[in-house]
Amino acid sequence: MHMDTTNTVKLGSTGPEVFRLGLGCMGMSGMYGASDDAESLRTIHTAMERGVTLLDTGDFYGMGHNELLVGRAIAGRRERVQLSVKFGAMRAPDGGWGGMDLRPAAVKNFAAYSLKRLGVDVIDIYRPARLDPNVPIEDTIGAISDLVKAGYVRHIALSEVSAETVRRAQRIHPIVDVQLEYSLASRGPETRLFPALRELGVCATLYGVLSRGLLTGSKPAASGDFRAWLPRFSGANRETNETSVQALHRFARERDMSPAQLAIAWVLARQPGFVPIIGARRVAQLEDALTALARPLSREDVAALESRVAFSGERYGAEQMRMLDSEHP
């Protein structure tokens, strides 16, 4: 795989080199309202042409739709990408959530279906989407380790877990990265998690860098847009956050940047060794996001921006927040 090494990051001490920005494909399967498969395919292909190598998907995104879409996009181009796949979340026929199942037998079952839907022989990076409170992390990682030994998975990663969980997992098998939500509006990992990951030689892939569109001024409107239930987009939080969004937009105009470019550039400046995941659903969004790589922020820019904004509201509702291992010490 040819890659511009001036814009790459190594995933941990044992993982692969990836392009500086990854493409998150979740939004291409209806999580933010209706999506367009043809435009999604064009977006993935454009990302690949522009050097993006890391494609992030999940077997429960659109109940398999996302993996099938990614599989179509990479057919005949498999060697140009690294596939990061989340698994373990259970879905009901009506789209409802049914918790997590990370029993070893379930892990191998999920992997079998992902390999088939993606049309590949091996998954580059495989990670449970959340913890299963009924299954020790050692058992889950052991099952993925079996898949590594059998040649079905190359690297193991985690998502939304605490530093202690990473340490426990590392004793079973090397972990290359932890996926965490991080943005100007979600800075929780800075205190404990990021220092611990660097100490352990583990990278982070950072999703939600636009805070699900909040930072660009996007608002939930379409039927099926799950943001309508998120605290930051409703009630008093929505009104408070609008003030900071307007301040961010003014700051971006002063520097001849789009709000998305500014938000991404802030993450790149704040966490230079980690990989932001860009959830672009359209080619225009992707092209705009990639421009952030050529518009770095200075330390003074970062401080000035942070002094102008203050966001309120948790990233999920109270019940979901309690389920996040990453929110625990």
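How many bridges join β10 to β11, and do they run parallel or antiparallel? Five bridges join the two strands, and the strands run parallel. Two strands are said to pair if DSSP finds at least two bridges between them. Strands (E, at least two residues) and helices (H or I, at least four residues) are DSSP runs, numbered from the N terminus.

The model is predicted: local features need pLDDT of at least 70, side-chain atom pairs count only at pLDDT 80 or more, and totals for chains, interfaces and linings use all residues. Residues are numbered from 1 along each chain as its sequence is written, and side-chain values use heavy atoms, with hydrogens and water left out.

**Stop 1: the barrel**

Select the strands β3, β4, β5, β8, β9, β10, β11 and β12. In the order β3-β4-β5-β8-β9-β10-β11-β12, these eight strands close into a barrel with parallel pairing. On average, neighbouring strands of this sheet are turned by 30 degrees against each other, direction ignored; the axes are lines fitted to C-alpha atoms, for helices over the stretch in contact, and angles run from 0 to 180 degrees between N-to-C directions.

**Stop 2: β9 and β10**

Select residues 153-159 for β9 and residues 175-181 for β10. Three bridges join these parallel strands. S159 has Q179 in β10 as its bridge partner.

**Stop 3: β11**

Move on to residues 203-207, which form β11. Five of the five residues in this strand are buried, where buried means under 20% relative accessible area, exposed over 50%, and partly exposed in between (1.4 Å probe, protein chains only). C203, T205 and Y207 lie on one side, A204 and L206 on the other, and both faces are covered. In a regular strand the side chains alternate between the two faces of the sheet.

Now pick L206. Opposite this residue of β11 stands L180. To get from β10 to β11 the chain passes through helix α6 (residues 193-200), and this β-α-β crossover is right-handed. Right-handed means that, with the strands pointing away from the viewer, the path from the first strand over the helix to the second runs clockwise. Toward β12 (residues 275-278), β11 makes two bridges, again in parallel. There the bridge partner of L206 is P276.

**Stop 4: the loop between β11 and α7**

Select S211 and R212. S211 sits in the loop between β11 and α7, and R212 has its place in that loop too. Phi is positive in each: near 50 degrees for S211 and near 55 degrees for R212. Most residues other than glycine have a negative phi. S211 is buried at 2% relative accessibility, and R212 is buried with a relative accessible area of 11%.

**Stop 5: helix α7**

Select residues 235-254. This helix, α7, has 20 residues and reaches 30 Å from its first C-alpha to its last, close to the 28 Å expected at 1.5 Å a residue; the expected span is 1.5 Å times one less than the number of residues. Its buried residues are N241, S244, V245, A247, L248, H249, F251 and A252. Show α8 (259-270) and α10 (299-308) as well, since both are included in what covers those buried residues; contact means heavy atoms within 4.5 Å.
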